[in-house]
Amino acid sequence: MKKGMIALLAMLLTACSASGDKKSYYQLPSPPQSTVTQSDARGQHLLWVEQVTVPDYLAGNGVVYQTTDVQYVIATNNLWASPLDQQLRTTLVANLSNALPGWVVASQPLGSEQDTLNVTVTGFHGRYDGRVIVSGEWLVNHRGQLIKRPFHIELKQQQDGYDEMVKMLAQAWQQESASIASELKRLP
């Protein structure tokens, strides 16, 4: 009887630990991208989103969570479905395309008359107080004129969990995309 109980207990512990290793993968939601035909591009603003860079602690597969004012944890079971810098660049192109009608926004070079946008993301994580942080700076080269702006967005999560955290991070990134679009609309 004792051997049976021990075997049952061992099976339960094994089952619990196996279910604890379940991995979840996250992808930032992106709005549908508007389509632009070749004839639409004539006489319009051209913007190449050259790169979006992230620091090493965000460049890994794990979603990052800040546990104290100085400590960060990189999740081992809650992972990005594709590299974060690629997701940020893809969603930025889609968000800017939607926010800038009359512009051609692409992740590939568009020609010699294009403006270029480079973004350095320094924070893209959840935090112990239920907020998400999206921070960094962006730099636009518009006809040789450089425009550089820092950004720092904090949004409060409405629910606990990684799903909600990723949705709020995407919302903050969309908010920053709208801010960039607003600045670009002022360009001559």
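These legends describe close-up views of a predicted model.

**View 1. Overall fold of the predicted model.** The protein has four helices and eight strands. Along the sequence they follow the pattern α-β-β-α-β-β-α-β-β-β-β-α. Of the 188 residues, 38% are buried. Among contacts with a separation of 6 or more, 66% join residues 24 or more positions apart.

**View 2. Crossing of helices H3 and H4.** H3 spans residues 84-99 and H4 spans residues 162-185. Their axes come within 9 Å and cross at roughly 50 degrees. The two helices are therefore oblique to each other. The crossing is right-handed.

**View 3. Residues at the H3–H4 contact.** H3 contributes Leu 88, Thr 91, Leu 92, Asn 95, Leu 96 and Ala 99. They meet Trp 173, Gln 174, Ser 177, Ile 180, Ala 181 and Lys 185 of H4. By class, this contact has seven nonpolar, four polar and one charged residues.

**View 4. The largest nonpolar core.** This core holds 41 residues. Leu 96, Leu 117, Phe 124 and Trp 173 have the most contacts inside it. Elements giving two or more residues include strands E2 (45-53), E3 (62-66) and E5 (103-106). Strands E6 (115-127), E7 (131-142) and E8 (145-156) also do so, as do H3 and H4. H4 gives the most, with ten residues.

**View 5. Surroundings of Trp 173.** Residues up to four places away in sequence are not counted here.

Technical notes
Residues are numbered from 1 along each chain as its sequence is written. This is a predicted model: local features need pLDDT of at least 70, side-chain atom pairs count only at pLDDT 80 or more; totals for chains, interfaces and linings use all residues. Side-chain values use heavy atoms; hydrogens and water are left out. Axes are lines fitted to C-alpha atoms, for helices over the stretch in contact, and angles run from 0 to 180 degrees between N-to-C directions. Angles under 35 degrees count as roughly parallel, over 145 as roughly antiparallel, 65 to 115 as roughly perpendicular and the rest as oblique. A crossing is left-handed if the near helix is turned anticlockwise from the far one by less than a right angle, and right-handed if clockwise. Contact means heavy atoms within 4.5 Å. Ala, Val, Leu, Ile, Met, Phe, Trp, Tyr, Cys and Pro count as nonpolar, Asp, Glu, Lys and Arg as charged, and the others, Gly among them, as polar. A nonpolar core is a set of buried Ala, Val, Leu, Ile, Met, Phe, Trp, Tyr and Cys residues joined through side-chain atoms within 4.5 Å. Buried means under 20% relative accessible area, exposed over 50%, partly exposed in between (1.4 Å probe, protein chains only).
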